[in-house]
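Thanks, everyone; please bring up the sequence and the model on your screens. I will walk through a few of its elements in turn.

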Amino acid sequence: MHALQHQDVIVASLASGSRGNSTYIGTEKAGVLVDCGLSTRQILNRMDELGLSDAQIRGVLITHEHSDHVGAARVLDRTFQKLYGRPVPFYMTQGTRAGLHKQCVPTTILPVTSGRTFQVGDFLVEAWTVPHDTLDPVAYAVNVGGVRAGVITDLGRTTRLVERQLGSLDIAVLEFNHDFDMLMQGPYPIRLKQRVKGAHGHLSNAQAAQAIERGGTERLKHLVLAHLSDDNNTPEAAMEAAQEGLHRSACRGVTVHVASQQIPLGPLRIRTPRNLRVPRPTPRRTAAVVTPPTVPPAQLSLFG
Ligand SMILES: [Zn+2]
Ligand SMILES: [Zn+2]
């Protein structure tokens with residue numbers, strides 16, 4: 001049985017940065033995770049912190065095989081099987097599957113093809129290629145009841161496709177990795193500087209601002225600045241570039257947020273324009289993951 005009702009589309013950044021990335025997209029009842037690069041315990045604790053403890057995860061969309069995006073896959077897979085009594089599918093390209101470290105391989109992997117649309121629960125998902133130094137990296141847009149939310153991180157440069165997709169989103173999580181001058185004057189060795197600024201590295205503030213300008217972003221309500229470098233960027237510099245990009249695109253009424261590594265962001269909400277099929281409420285998850293200090297060590301190991 002499904003109820004028909006309007007409800008908010010929710011996007012929350014559980015963590016963002018080179019030490020771990022995960023974004024929740026869905027409703028209060030169900031959703032997907034884009035990437036799982038922080039510990040399973042942190043993922044579940046942060047969902048609880050944001051009031052998303054009742055949300056059932058229908059699938060985990062993996063962008064690429066770097067550990068800050070897929071590190072928790074195996075433990076998260078086992079944890080979901082215990083929570084839900086069945087496996088949750090992990091979606092990824094064949095290239096990402098081939099590049100996965102053997103300690104990060106979940107049991108149920110469903111293939112993703114760049115340029116194709118696929119269904120995950122009630123959500124329509126699109127994947128498209130981004131330039132990054134892995135085997136077949138993608139970005140994702142998730143359509144929830146007519147609202148489009150996307151996660152576009154880990155790309156060395158903007159492309160027409162990235163700009164077109166960005167222009168179609170209501171909520172965008174976009175990489176603002178580094179300030180170019182801070183990177184070049186900063187502490188990284190020259191090889192690493194070249195990798196980060198290269199065409200298959202990471203998007204600078206100026207490049208991200210340019211993508212916004214070119215993409216148009218007419219529908220955009222929330223822009224989340226993501227994957228900021230601790231060493232080569234500041235939230236203020238990223239914010240300034242984003243505001244400039246929005247100003248140049250003549251886009252108004254966009255709320256800009258900065259995602260962080262340490263503190264989860266959200267939930268950001270948009271009311272769905274049409275009715276959405278939602279599952280019946282399910283029992284609350286076990287409280288074992290809510291407050292770490294009260295959890296006995298034996299249970300903690302389940303979520304490590
Ligand atoms: Zn990354
Ligand atoms: Zn990466």
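Strand β4, helix α1 (residues 40–49) and strand β5 together make a right-handed β-α-β unit, where right-handed means that, with the strands pointing away from the viewer, the path from the first strand over the helix to the second runs clockwise. Helices here are DSSP runs of H or I with at least four residues, strands are runs of E with at least two, and both are numbered from the N terminus. Please keep in mind that this is a predicted model, in which local features need pLDDT of at least 70 and side-chain atom pairs count only at pLDDT 80 or more, whereas totals for chains, interfaces and linings use all residues. Residues are numbered from 1 along each chain as its sequence is written, while chains are lettered from A and ligands numbered from 1 in the order in which they are written.

Within that unit, β4 and β5 (residues 56–61) pair in the parallel sense over 5 bridges, pairing being assigned if DSSP finds at least two bridges between two strands, and leucine 33 stands opposite valine 60 in β5. On the other hand, β3 (residues 22–26) pairs with β4 in the antiparallel sense over 4 bridges, and these two strands form a hairpin with 3 residues between them; glycine 26 has glycine 31 in β4 as its bridge partner.

How much of β4 is buried? For β4 (residues 30–34), 5 of its 5 residues are buried, a residue counting as buried if 20 or more other C-beta atoms, placed from the backbone, lie within 10 Å of its own, as exposed if 12 or fewer do, and as partly exposed in between. Ala30, Val32 and Val34 point one way from the strand, and Gly31 and Leu33 point the other way.

Turning to helix α3 (residues 73–84), its 12 residues reach 16 Å from first to last C-alpha, close to the 16 Å expected at 1.5 Å a residue, the expected span being 1.5 Å times one less than the number of residues. Its buried residues, among them Val75, Leu76 and Phe80, pack against α1, β5, α2 (67–70) and β6 (90–93), contact requiring C-beta atoms, placed from the backbone, to lie within 7 Å. Glycine 85 follows α3, with a positive phi near 75°.

Finally, there is an open sheet of 7 strands with mixed pairing, in the order β8-β9-β10-β11-β12-β13-β14. Its edge strands, each pairing on one side only, are β8 (117–120) and β14 (255–258).

Notes: Contact = placed C-beta atoms within 7 Å.
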